Amino acid sequence: MLTSKVAKRYAQGLLDFTQESGNTESVFNEMKDIVKIMSQSKDLNQFFSTPIIDARKKEAIALEIFKDFSPVAKNIIRLIIKQGRESQLKGIAQEFINKVEDIKGTQRISLTSASKLSEQNIQKIIADSKMVNVSNYDLETIIKPEILGGYILRVGDQQIDASVRTKLSNIKKEFQLN
C-alpha cells in the first residue's frame, strides 16, 4: 500500500511528540485500534470521506468512537479532522505503526495463500525462508483464491512467489518460446 506524504508527515510529527513525552507505546496501541476499526467499518470510512458533513460533527463523532483513547491520540484525531485530512486517518495511523515497528526492529511480513493456512504451516514457511532473520515480526495473512495454491511471501521489499498461478504462467511462457 502506498502511503501519502501527508500520512508520513503527520505520523512523523506524532512519533516525535510521543517520544518526547514518553507515551509512544500507548499511542502505538491506540493507532492499531484505529486501523482495526477503520478496516472493519466501510460506513466510518465513507463518513470521514464525505465533504458535505461539517468538521465539528465529524470531530464529535470521532471523539465519541475513540472516547477511551489518551489525550494525545484524541488531540491528533482532532487536528487531523480540523485540517480536513480525516480521509487520511487510517493511513496516518498505519504509518505511525510502521515507524514505531521500524524503531523496534520489527519485520513486516505478508503471506498470501489460496486458502487459510494452519499456524503450523505458516511457521514452517517462515522458518524455511531465508528472508526472515528476526524473531520479532508482524505477520499479515491474505487469502486470494486466484493464486490457485502455494503461497507468496513478502518481507520488506523481497518476495518469494511459490504460487501455482505463477508456476503455470511460467510453464505457459516456456511453451510459447519453444
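Is R78 buried, partly exposed or exposed? R78 is partly exposed, for its relative accessible area is 25%; the term buried applies under 20% relative accessible area, exposed applies over 50%, and partly exposed lies in between (1.4 Å probe, protein chains only). The model is predicted, so local features need pLDDT of at least 70 and side-chain atom pairs count only at pLDDT 80 or more, while totals for chains, interfaces and linings use all residues. Residues are numbered from 1 along each chain as its sequence is written, and side-chain values use heavy atoms, with hydrogens and water left out.

R78 has a charged partner: E59 forms a salt bridge with R78, and their closest N and O atoms are 3.3 Å apart. A salt bridge is a side-chain nitrogen of Lys or Arg within 4 Å of a carboxyl oxygen of Asp or Glu. E59 lies in helix 4 (residues 55–65) and R78 in helix 5 (residues 71–82), so this pair ties together parts that are 19 residues apart in sequence. Helices (H or I, at least four residues) and strands (E, at least two) are DSSP runs, numbered from the N terminus. E59 itself is buried, at 16% relative accessible area.

By this rule the count comes to nine salt bridges. Among them, the side chains of E25 and K104 meet at 3.1 Å, N to O. Because E25 belongs to helix 2 (residues 24–40) and K104 to helix 6 (residues 89–104), the pair ties together parts that are 79 residues apart in sequence. E25 is partly exposed at 41% relative accessibility, and K104 is partly exposed at 39%. Another salt bridge joins the side chains of R108 and D102 (2.9 Å, N to O). Salt bridges with shared partners link E101, D102 and R108 into one network.

The strands come next. Strand 1 (residues 107–113) is mostly covered, with six of its seven residues buried. Two strands pair if DSSP finds at least two bridges between them. Strand 1 pairs with strand 2 (residues 137–143) in the parallel sense over seven bridges, and S110 stands opposite E140 in strand 2. With strand 3 (residues 150–155), strand 1 pairs in the antiparallel sense over five bridges; here L111 stands opposite L153. In a regular strand the side chains alternate between the two faces of the sheet.
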